[in-house]
Amino acid sequence: MKISTKGRYALRMLLDLAQHQNDGYVALKDIARRQNVSKKYLEQIVPMLNKSDILLASRGFQGGYRLAQSPDKYTVGMILRITEGSLAPVACLDHDPILCDRSADCITLPVWQGLSRAINEYLDSITLRDILDQQQATFVNDYSI
């Protein structure tokens, strides 16, 4: 499984908003500049996030985006499911119940189910706040005297 640039950039965008949550609404051009991502590409990601009620938007001179909730409410798994769709490692796990005709006799199905469970549990255990806290701890450790 590979996470597309759409998923990676959405995560970076939301982390940027989390870092600047006290700045009010943040312009997309500022996020694009800080993250070294095309503003046009971020404009393609925003509708997905807006549809999922993750972002608050404001138009006008001081307009931009901000997180609808605090960073500890957003998991990496949630964000990637919005941008990537299913995180299942194989197509047969995209549906519940499993629609594959071979599922009752598939000897490898438990392997894929275990992998899927591990991926989802891991990504759902990490919040935007966790990432920011880890970055801050690394920064402090790297620069402490």
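Guide: A residue counts as buried under 20% relative accessible area, as exposed over 50%, and as partly exposed in between, using a 1.4 Å probe and protein chains only. This is a predicted model, in which local features need pLDDT of at least 70 and side-chain atom pairs count only at pLDDT 80 or more, while totals for chains, interfaces and linings use all residues. Residues are numbered from 1 along each chain as its sequence is written, and side-chain values use heavy atoms, with hydrogens and water left out.

Visitor: Is cysteine 92 buried, partly exposed or exposed?
Guide: Cysteine 92 lies in the loop between α4 and α5, where helices (H or I, at least four residues) and strands (E, at least two) are DSSP runs numbered from the N terminus. Its relative accessible area is 25%, so cysteine 92 is partly exposed.

Visitor: Which residues does cysteine 92 touch, not counting residues up to four places away in sequence?
Guide: Contact here means heavy atoms within 4.5 Å. With residues up to four places away in sequence not counted, cysteine 92 touches Ile98, Cys100 and Leu109.

Visitor: How many disulfides does a search of the whole structure find?
Guide: A disulfide is a pair of cysteine sulfur atoms within 2.5 Å. For cysteine 100, which is in no disulfide, the nearest cysteine sulfur belongs to cysteine 92 and is 5.7 Å away. The sulfur of cysteine 106 also has its closest cysteine sulfur in cysteine 92, but at 6.2 Å, so that pair is too far apart for a bond. The number of disulfides found in the whole structure is zero.

Visitor: Is asparagine 120 buried or exposed?
Guide: Asparagine 120 is found in helix α5, and, leaving aside neighbours within four places in sequence, it is in contact with Arg81 and Leu87. Because the relative accessible area of asparagine 120 is 18%, this residue is buried.

Visitor: At what angle do the axes of helix α4 and helix α5 cross?
Guide: Val76, Gly77, Met78, Leu80 and Arg81 in α4 meet Asn120, Leu123 and Asp124 in α5. The residues of this contact divide into four nonpolar, two polar and two charged, where Ala, Val, Leu, Ile, Met, Phe, Trp, Tyr, Cys and Pro count as nonpolar, Asp, Glu, Lys and Arg as charged, and the others, Gly among them, as polar. Axes are lines fitted to C-alpha atoms, for helices over the stretch in contact, with angles from 0 to 180 degrees between N-to-C directions. The axes of α4 (residues 76-84) and α5 (residues 109-124) come within 6 Å and cross at roughly 115°.

Visitor: Which two residues form the aromatic pair?
Guide: Rings of Phe, Tyr and Trp (its six-membered ring) pair if their centres lie within 6.5 Å, and planes under 30 degrees apart count as stacked, over 60 as edge-to-face and the rest as tilted. A search of the whole structure finds one such pair, with 5.4 Å centre to centre and 85° between the planes, an edge-to-face arrangement. The pair links distant parts of the chain, since its members are 32 residues apart, one in helix α1 (residues 5-19) and the other in helix α3 (residues 39-51). They are tyrosine 9 and tyrosine 41.

Visitor: What pattern does the protein follow, read along the sequence?
Guide: The protein has six helices and two strands. Read along the sequence, these elements follow the pattern α-α-α-β-β-α-α-α.
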